[in-house]
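Thanks for passing this one along. Here are my notes as numbered points, to read with the structure open beside you.

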Amino acid sequence: MASRAGPRAAGTDGSDFQHRERVAAHYQMSVALKSEIRKLNIVHLLIWVLMAAQVTVSQLSLVSHKVVASPYQWEYPYLLSIIPTVFSFLALPRNNISYLVISMISAGLFCVAPLIYGGMEMFPVAQQLYRHGKAYRFIFGFSAVSVMYLVIVISVQVHGWQIYYSKKLLDQWFTSTQDKKKK
């Protein structure tokens with residue numbers, strides 16, 4: 001055995017590391033992908049909480065509509081986007097393929113579809129804002145359409161990466177289960 005201060009064990013030149021066990025590549029990839037998906041889920045959770053707060057504050061009239069604008073129609077179905085995140089969080093600890101598939105499919109339905117609809121719903125208002133400089137809805141002094149388009153751009157990227165990494169993770173899990181069946 002080599003120690004920090006002492007000599008190396010007799011009969012070894014340091015090249016005897018090749019026999020040691022290593023973690024299989026698909027396990028390393030699985031851990032890395034799970035970490036990325038967790039980070040994206042946390043970012044989505046933050047976006048969802050901000051969206052839910054805006055809808056709640058507006059619906060309960062806690063502040064004036066001049067401070068926080070009333071929500072657009074697409075924001076209500078987007079609140080269902082918490083469902084894919086919950087399934088994703090449930091799928092990761094035990095490598096549950098079913099939950100991950102449900103998460104991916106519902107992400108398209110509850111996350112991406114409302115964002116596409118929101119982009120189309122707000123387009124005429126955005127066009128009016130940039131052509132004539134007139135905004136009628138505001139969120140803390142900023143035009144609501146600009147703020148919500150920023151939310152849409154960030155959300156589309158988050159959900160796109162979530163689906164991409166989930167697909168790669170699913171492929172890793174299928175590879176490892178296929179390898180186990182062959183043995």
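Predicted model: local features only at pLDDT ≥ 70, side-chain atom pairs only at ≥ 80, totals over all residues.

**Notes on the helices and their contacts**

1. Is Ser88 buried or exposed? With a relative accessible area of 2%, Ser88 falls below the 20% cut-off, so Ser88 is classed as buried. Leaving aside residues up to four places away in sequence, Ser88 touches Ile37, Asn41 and Ser103.

2. First, the overall plan. The chain holds 5 helices and 2 strands, and reading from the N terminus the order is α-α-α-α-β-β-α. The chain has 183 residues, and 31% of them count as buried. If you take the contacts with a separation of 6 or more, 74% of them join residues 24 or more positions apart.

3. Now for α3 and α4. How do these two helices run relative to each other? The axes of α3 (residues 82-94) and α4 (residues 97-132) come within 8 Å and cross at roughly 165°. That angle is over 145 degrees, so α3 is roughly antiparallel to α4. The crossing is left-handed. On the α3 side the contact uses Ile83, Pro84, Phe87, Ser88, Leu90 and Ala91; on the α4 side it uses Tyr99, Leu100, Ile102, Ser103, Ser106, Ala107, Phe110 and Cys111. Sorted by class, that gives 11 nonpolar and 3 polar residues, with no charged ones.

4. Helix α3 also meets α1 (residues 25-59), and here the axes come within 10 Å and cross at roughly 155°. Once again the angle is over 145 degrees, so α1 is roughly antiparallel to α3. α1 passes α3 in a left-handed crossing. From α1 come Lys34, Ile37, Arg38, Asn41, Ile42, His44, Leu45 and Trp48, and they meet Ile82, Thr85, Ser88, Phe89, Leu92 and Pro93 of α3. The residues of this contact divide into 8 nonpolar, 4 polar and 2 charged. Ser88 is listed in the contact with α4 and in the contact with α1.

5. Another residue worth a look is Gln162, in helix α5 (residues 144-182). Its relative accessible area is 8%, so Gln162 counts as buried. Which residues does Gln162 touch, not counting those up to four places away in sequence? They are Leu40, Asn41, His44 and Thr85.

6. Pro124 lies in helix α4. With a relative accessible area of 47%, this proline is partly exposed. The C-alpha atoms of Pro124 and Val145 are 9.9 Å apart, and the two residues are separated by 21 residues along the chain.

7. Finally, the database record. In an unreviewed entry, UniProt lists residues 42-64, 76-92, 99-118 and 138-158 under "transmembrane region". In the model, residues 99-118 are 100% helix and 0% strand, with 27 Å between the end C-alpha atoms. Residues 138-158 are 71% helix and 19% strand, and the end C-alpha atoms of that span lie 25 Å apart.

Definitions and conventions
Residues numbered from 1 in each chain as written. Heavy atoms only, no water. Axes fitted to C-alpha atoms, helices over the stretch in contact; angles between N-to-C directions. Helix = DSSP H or I, 4+ residues; strand = E, 2+ residues; numbered from the N terminus. Parallel < 35°, antiparallel > 145°, perpendicular 65-115°, else oblique. Left-handed = near helix turned anticlockwise from the far one by under 90°. Contact = heavy atoms within 4.5 Å. Nonpolar A, V, L, I, M, F, W, Y, C, P; charged D, E, K, R; others polar. UniProt positions renumbered as here; feature names shortened; annotations may be inferred. Buried < 20%, exposed > 50% of the residue type's maximum accessible area, 1.4 Å probe, protein only.
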